[in-house]
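Student: I would like to learn how to read the cross-links of a protein chain. Could we go through one model together?

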Amino acid sequence: QVQLVESGGGSVQDGGSLRLSCAASGYTFSTFRRDCIGWFRQTPGKEREGVALIYTGVDSIYYADSVKGRFTISQDSAKNTVYLQMNSLTPGDTAMYYCAAALVPRYCGPGTDFGYWGQGTQVTVSS
């Protein structure tokens, strides 16, 4: 059973930075397999948005237009952890951030069927 645990959320001011972590257990994400793992975010009353995704073994990365140039997703295979470095944060980035994973999907994007989700970590950016 794959378990994903997020950490690193918090409150920052406009222009600040945070780094989110997603530690996986029960499964090892490997560069020898094509798994899809990454980050979504959601605020009340809005649809969930795919923020950044990494297609392991393919070196393919997806970023939402709203975060390009500000957010960076990375993977530490030794720690079985995926990170989301968020810079130049704005109040518009305020949301609950979720880690999600799909095992060997046909493609890796916001529409992928993610079978595993973390509990979420709150990010609040104040002006």
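Tutor: Let us begin with a cross-link and its handedness: the link of Cys 36 and Cys 108 is right-handed, with 65 degrees about the S-S bond. This pair links distant parts of the chain, since Cys 36 lies in strand β4 (residues 36-42) and Cys 108 in the loop between β9 and β10 (116-117), 72 residues apart. Please keep in mind that the model is predicted, so that local features need pLDDT of at least 70 and side-chain atom pairs count only at pLDDT 80 or more, while totals for chains, interfaces and linings use all residues. Residues are numbered from 1 along each chain as its sequence is written, and side-chain values use heavy atoms, with hydrogens and water left out.

Student: What is a disulfide, and how many disulfides does the count come to?

Tutor: In general, a disulfide is a covalent bond between the sulfur atoms of two cysteines. Here a disulfide is taken to be a pair of cysteine sulfur atoms within 2.5 Å, and by this rule the count comes to two. One joins Cys 36 to Cys 108, with 2.0 Å from S to S; another is formed by Cys 22 and Cys 99, whose sulfur atoms are also 2.0 Å apart.

Student: Where in the chain do Cys 22 and Cys 99 lie?

Tutor: Strands are DSSP runs (E, at least two residues), numbered from the N terminus. Cys 22 is in strand β3 (residues 18-25) and Cys 99 in strand β9 (residues 95-102), so the pair, 77 residues apart, links distant parts of the chain. The link of Cys 22 and Cys 99 is left-handed, with -75 degrees about the S-S bond.

Student: Which pattern do the disulfides follow?

Tutor: When the bonded cysteines are counted along the chain, the pattern is 1-3, 2-4.

Student: Why does Cys 22 count as buried?

Tutor: Buried means under 20% relative accessible area, exposed means over 50%, and partly exposed is in between (1.4 Å probe, protein chains only). Cys 22 counts as buried because its relative accessibility is 0%, and Cys 99 is buried with 0% as well. Cys 36 is buried at 0%, and Cys 108 is buried with a relative accessible area of 17%.

Student: What is Ser 126 in contact with, leaving aside its neighbours within four places in sequence?

Tutor: Contact means heavy atoms within 4.5 Å, and with those neighbours left aside, Ser 126 is in contact with Val 12, Gln 13, Asp 14 and Pro 91. Ser 126 is found in strand β11 (residues 121-126), and it counts as partly exposed because its relative accessibility is 33%.

Note on methods:
Helix = DSSP H or I, 4+ residues; strand = E, 2+ residues; numbered from the N terminus.
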